[in-house]
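Subject: Handing over the structure

Hello,

Here is the structure I promised to pass on to you.

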Amino acid sequence: MWPFRTGSGAAEFLMLHRSGRSGRPFWQGVSGWIEPDEAPHLTALRELREETGYVAAELYTTDAVFDLYSWKRGSVETIVPFGALIRSGADPELSEEHDEWRWASLAEALEMVPYEPQRNALRRIAADLLEHPERAVMHRVEMPPEGPEKTR
């Protein structure tokens, strides 16, 4: 999932630096595993809270689903990226998975991430939500019945 904010001028993406405690360190968005019987969009919202303390004001799908071969697990995994609008002005509260964070422009984010599927997801969010905001409604995910919690 790619948290983003649109407050002052151009959109910025929240970039998280993996701590390296489970593999090599690198820059990414929010990531995580779907729990049994959990819908992917609910996983995205849960992982956002767990990894940053943020609650999405709005959640969006992207047209950038991709497969990834995990040699450690010996499986092919489908990755479902989302975009999450963040309205909080507070700094994120990182979990132990990450040791650094920063807000980055699209161009900076594209340079920071190591994998092409990550860049594709960022480009789709920019194209479908930010460059053409009139299209965003087509990608908006309905929030859970209790609604979005207040952002910090």
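This is a predicted model: local features need pLDDT of at least 70, side-chain atom pairs count only at pLDDT 80 or more; totals for chains, interfaces and linings use all residues.

Below is what I found, topic by topic.

The average pLDDT of the protein chain is 89, and 94% of the residues score at least 70. If you compare the elements of the chain, helix α2 (residues 106-112) has the highest mean pLDDT, at 97, while strand β5 (residues 66-70) has the lowest, at 83. One stretch to treat with care is residues 147-152, where pLDDT stays under 50. For that stretch the model has 19 contacts beyond four places in sequence.

**Aromatic rings**

There are four aromatic pairs in the count. One of them joins F4 and F13, a tilted pair with 6.3 Å from centre to centre and 50° between the planes. Both of these residues, F4 and F13, are buried. F4 also forms a tilted pair with Y60, this time with 6.4 Å between the centres and 35° between the planes. F4 sits in strand β1 (residues 2-5) and Y60 in strand β4 (residues 58-61), so this pair ties together parts that are 56 residues apart in sequence. Like F4, Y60 is buried. Taken together, F4, F13 and Y60 make up one aromatic cluster.

**The largest pocket**

Next, turn to the largest pocket, which has a volume of about 1400 Å³. Its lining is made of 38 residues, and those nearest the centre are Q28, S31, W33, L68 and I79. Which elements give two or more residues to this lining? They are α1 (40-52), β5, β6 (75-79) and α3 (116-130). The largest share is that of α1, with five residues. Sorted by class, the lining of the largest pocket holds 20 nonpolar, 10 polar and eight charged residues.

**A proline in a loop**

Finally, find P114 in the loop between α2 and α3. With a relative accessible area of 40%, P114 is partly exposed. Leaving aside residues up to four places away in sequence, P114 touches F26, W27 and R119. P114 and Q28 are 86 residues apart along the chain, yet their C-alpha atoms are separated by 8.3 Å.

Enjoy exploring, and write back with any questions.

Best wishes

Key
Residues are numbered from 1 along each chain as its sequence is written. Side-chain values use heavy atoms; hydrogens and water are left out. Rings of Phe, Tyr and Trp (its six-membered ring) pair if their centres lie within 6.5 Å; planes under 30 degrees apart count as stacked, over 60 as edge-to-face and the rest as tilted. Buried means under 20% relative accessible area, exposed over 50%, partly exposed in between (1.4 Å probe, protein chains only). Helices (H or I, at least four residues) and strands (E, at least two) are DSSP runs, numbered from the N terminus. pLDDT is the predictor's confidence in each residue, from 0 to 100. Contact means heavy atoms within 4.5 Å. On a 1 Å grid over the protein atoms alone, a cavity is a set of points where a 1.4 Å probe fits but cannot get out, and a pocket is an open set with protein on both sides within 12 Å along at least five of seven lines; lining residues have an atom within 4 Å of a point. Grid points are joined across faces, edges and corners, and a volume is the space filled by probe spheres set on the points. Ala, Val, Leu, Ile, Met, Phe, Trp, Tyr, Cys and Pro count as nonpolar, Asp, Glu, Lys and Arg as charged, and the others, Gly among them, as polar.
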